[in-house]
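Colleague: I'd like a close look at one part of this model, please: the interface. Take me through what it is built from, and through the packing behind it.

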Amino acid sequence: MIAAGGPVIPNFGQGSACERSNGWFCTDWLHAHWGDTLQPALVQHVWLSALAVGIGFAIAFALALVGFRHRLFDAGIGALADFLYTIPSLALFQLLVPFTGLTVTTVEIALVSYTLLVLYRNMAEGLRGVPADVLEAARGMGLTRTQTFLRVELPLALPAILAGLRIATVSTISVATVAAFVIPEGLGAPIFIALDQNLFKTEIVAAGGLAVALALFADGLLVLGQRAATPWSRA
Amino acid sequence: MTVAEAFTPHTFLDAFGFIHHNASFLLQKTAEHLELSLAALAIALLLALPLGLWLGHRHRGLFLAVSVSSVGRALPSVALIAFGLTIFGVGFWNNTAALVVLAIPPILTNAYFAVDGVDADVVEAARGMGLSEWQILRRIELPLGLPLVVAGIRIAAIFVIATATIAAVAGGGGLGEIIVDQASYGLAGVIAGSLCVSALALLAALLLSLTLRALTPRQGPVS
């Protein structure tokens, strides 16, 4: 349903008094449309974000494995990630559309690109930040290069890596709302529908609020994971 | 929205044609975009910079600085723009308000940590020399923390330019207006607008990076 032109008198159809007066928080609307609007959008949002962060993490990790030892490679990857990060999300989506169409692929390429900067930087800096005498001691104990990496460098870099993961996750959940410009999925979609239908406030507040809540919830989960994975950092 | 146009890599060539034929129009839209972004950035700087610097100087408000940054990162720009629209209606302020809200967290948090992280011994020495608190902030902490402050402004500028694009759905004008209106400008126009706004963001980031480099003290022996 698209609003008629001219001065618009809000008309929210057969809804309750709250809906007809375009209230900020119509609980009856939330009850009626949780199942058909908000919940599917939330689930899609979780998938869009999780997929992007997962792929981004894998790519950034592979790059960091090379980058933390080779300065030149590191500078190149850093500059490329910074370049991708700087391109406005809506523009990046549109620039990808001629190649990948109005698809999830387009959305994921853009979302993954935005995760790379933070993830790569934190991984490379974390791995590089391992003190030289610690590495010396590991070599003195007779650890091979792989053993040193897995048992010394990786655990010591873990706090930085997880800090990057937290930032990337929260930002991705936030940017994923822009995906609704390309595909009608995620929590941006109800917001766009509300924009189209005389600015239905409850829907905007509910979808926006859910996106923020999801981001903070994910952040909280990762903090717990961080504590569990690095018990020594609490001492 | 017309979906008739086929998406092919060829549209990129059409986009350059569009830029060539509509240069003055695109320039005007870029100026609009810049105006909205700079207004929001200026307001955010006025609000967040003094607060962040002062809190950092007093070493107070760590919780505020950290939570502002994580909540700020979680705020979805689309929701913020829509929210601004419901409160202020269509106009300059709905979008400016949303952009200011997005720009404040990185500026505030970076300013806080920039000043908070200055070597305590240096500050102590300055205090011992009889400098007032204001002089310490102005002449010791601010110069030493400046790279981090500028880094925060750089992040804010990137956010603001990106979100000003999305603001077009709420009558924000600027380059986003072309990008969200494929029916009027065609796919070539959409791509052209996207290229222009990307160039704008990259230029702004580059400018602030160069500023950052100029402000960062050289490592190594001083000649």
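**From the chain to the interface**

Modeller: Let's start with the overall form of one partner: chain A has a radius of gyration of 22 Å, whereas a compact globule of 235 residues would come in near 18 Å. (That radius is taken over C-alpha atoms, and the globule rule is 2.2 Å times the number of residues to the power 0.38.) The C-alpha trace of chain A spans about 75 × 45 × 20 Å along its principal axes.

Two housekeeping points. This is a predicted model, so local features need pLDDT of at least 70 and side-chain atom pairs count only at pLDDT 80 or more, while totals for chains, interfaces and linings use all residues. Residues are numbered from 1 along each chain as its sequence is written, and chains are lettered from A and ligands numbered from 1 in the order in which they are written.

Chain A has 9 helices and 0 strands, so helices here means DSSP runs of H or I with at least four residues, strands means E runs of at least two, and both are numbered from the N terminus. Read from the N terminus, its elements go α-α-α-α-α-α-α-α-α. Of the 235 residues in chain A, 42% are buried. (Buried is 20 or more other C-beta atoms within 10 Å of a residue's own, exposed is 12 or fewer, partly exposed is in between, and the C-beta atoms are placed from the backbone.) Take the contacts in chain A between residues at least 6 apart in sequence: 73% of them join residues at least 24 apart. A contact, by the way, is two residues whose C-beta atoms, placed from the backbone, lie within 7 Å.

Now the interface. On the chain B side, 33 residues are in contact with 34 residues of chain A. The elements of chain B that put two or more residues into that side are α1 (11-21), α3 (62-74), α4 (77-88), α7 (133-166), α8 (176-179) and α9 (182-215). Which of them gives the most? That's α9(B), with 8 residues. By class, this side of chain B has 23 nonpolar, 9 polar and 1 charged residues. (Nonpolar is Ala, Val, Leu, Ile, Met, Phe, Trp, Tyr, Cys and Pro; charged is Asp, Glu, Lys and Arg; the others, Gly among them, are polar.)

Zoom in on one pair across the interface. Helix α9 of chain A (residues 201-229) and α4(B) have axes that come within 10 Å and cross at roughly 150°. That makes α9(A) roughly antiparallel to α4(B). Axes are lines fitted to C-alpha atoms, for helices over the stretch in contact, with angles running from 0 to 180 degrees between N-to-C directions. Under 35 degrees counts as roughly parallel, over 145 as roughly antiparallel, 65 to 115 as roughly perpendicular, and the rest as oblique. The α9(A)/α4(B) crossing is left-handed: the near helix is turned anticlockwise from the far one by less than a right angle, with clockwise being right-handed. On the α9(A) side you'll find A:Lys201, A:Ile204, A:Ala207, A:Gly208 and A:Ala211, meeting B:Ala79, B:Ala82, B:Phe83 and B:Thr86 of α4(B). That contact has 6 nonpolar, 2 polar and 1 charged residues.

Within its own chain, α9(A) also packs on α2(A) (residues 27-67), at an angle of about 40° with the axes 11 Å apart. The two are therefore oblique to each other, and their crossing is right-handed. From α2(A), the residues taking part include A:Trp29, A:Leu38 and A:His45, and from α9(A) they include A:Ala207 and A:Leu210. By class this contact has 11 nonpolar, 2 polar and no charged residues.

Over in chain B, α9(B) has a partner in α7(B): their axes come within 9 Å and cross at roughly 175°, and the two helices are therefore roughly antiparallel. This contact has 17 nonpolar, 3 polar and 1 charged residues.

Finish with B:Val190, which is found in α9(B). B:Val190 is buried, with 26 other C-beta atoms within 10 Å. Leaving out residues up to four places away in sequence, B:Val190 touches A:Gln94 as well as B:Ile178, B:Ile179, B:Gln182 and B:Tyr185. Its C-alpha atom is 7.9 Å from that of B:Ala15, a residue 175 places away along the chain.
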